[in-house]
Amino acid sequence: MEESMENFEKELEESYKVMGDGEKNTDELMAWEKAKEYLESGEILSLEVSGIVNKGVIVMIENTLRGFVPASKLSLSRIDDLNDYLGKTIRVKVITVNPDKQELVLSAREILKAERNDEKKKKIEAVEVGAVLTGKVDSIKDYGAFIDLGDGLSGLLHVSQISTKRIKHPSDVLKEGQDVTVKVTQKKDGKLSLSMKALEEAPESDRAPREKVKIPKAENIGTSLGSLLKDIKL
């Protein structure tokens, strides 16, 4: 980050035009004030990537200031080629404004993360407690296993909920990549608690996995959760 900022500052020093007495021109001063307002308000800006620099991209603020978006702030995943962003419009927030050092840094990551969390929350809200789901064992810990339920959803299968029989460690019964059928026993703080034990204890008619129900995308989730998952066996 320090290296990229040093390169960015050099780029800015070459790009900024100052008046004869060293004083910034009026348009630039107004742009810095506007950048401060964007920082305080958290406003989302749609800006075109106008250049590629070391470990980041350049966008223009108020058609006057060059802002730096670090590669680590462009996406939630790794970026292999920054050139793919050249000429594209991205949504960003201002996160650093320092006129004295001519530092103007923006980020898309916070926006993307908030949207991902909101979508996940809506998907979880659409799952009913008691629903029987199928998934794969994603990872195994001493205290249980995390089950990948698909479409970005996962839940915790606690070691105490794996079997009606006493087991010392989740790996005694489960392995990563294994297909499992689980019952949703709780929704709390945006997390799903799952159980295989509850299905072993349930009547035979309730043990069969439900017919696959596709969890909709967040924007398609309605307010009637009962009708949404009406085919799920409880």
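A residue is buried under 20% relative accessible area, exposed over 50% and partly exposed in between (1.4 Å probe, protein chains only). The structure is a predicted model, in which local features need pLDDT of at least 70, side-chain atom pairs count only at pLDDT 80 or more, and totals for chains, interfaces and linings use all residues. Residues are numbered from 1 along each chain as its sequence is written, and side-chain values use heavy atoms, without hydrogens and water.

Salt bridges were examined across the whole structure. A salt bridge is a side-chain nitrogen of Lys or Arg within 4 Å of a carboxyl oxygen of Asp or Glu. The search finds 9 of them. One of these joins Glu115 and Arg91, at 2.7 Å from N to O. Glu115 lies in helix H3 and Arg91 in strand S4 (residues 89–98), so the pair ties together parts that are 24 residues apart in sequence. Helices (H or I, at least four residues) and strands (E, at least two) are DSSP runs, numbered from the N terminus. Glu115 is partly exposed, with 38% relative accessibility. Arg91 is also partly exposed, with a relative accessible area of 36%.

Helix H3 also holds both Glu119 and Lys123, 4 residues apart, about one turn of the helix. Their side chains form a salt bridge of 3.4 Å, N to O. Glu119 is partly exposed at 27% relative accessibility, whereas Lys123 is buried at 7%. Asp151 joins Glu119 and Lys123 in a network of salt bridges. A further salt bridge links Arg78 with Asp80, with 3.7 Å between the closest N and O atoms. Both of these residues, Arg78 and Asp80, are exposed.

Pockets were then considered. On a 1 Å grid over the protein atoms alone, a pocket is an open set of points with protein on both sides within 12 Å along at least five of seven lines; its lining residues have an atom within 4 Å of a point. The largest pocket holds about 200 Å³ of space. Helix H3 (109–125), strand S8 (153–158) and strand S10 (191–195) each give two or more residues to its lining. The lining includes Lys120, Ile124, Phe146, Ser154, Leu156, Lys188 and Leu192. By class, the lining has 4 nonpolar, 4 polar and 3 charged residues. Here Ala, Val, Leu, Ile, Met, Phe, Trp, Tyr, Cys and Pro count as nonpolar, Asp, Glu, Lys and Arg as charged, and the others, Gly among them, as polar.

Methods:
1 Å grid on protein atoms, 1.4 Å probe; cavity = no way out; pocket = protein on both sides within 12 Å on 5 of 7 lines; lining within 4 Å. Points joined across faces, edges and corners; volume = space filled by probe spheres on them.
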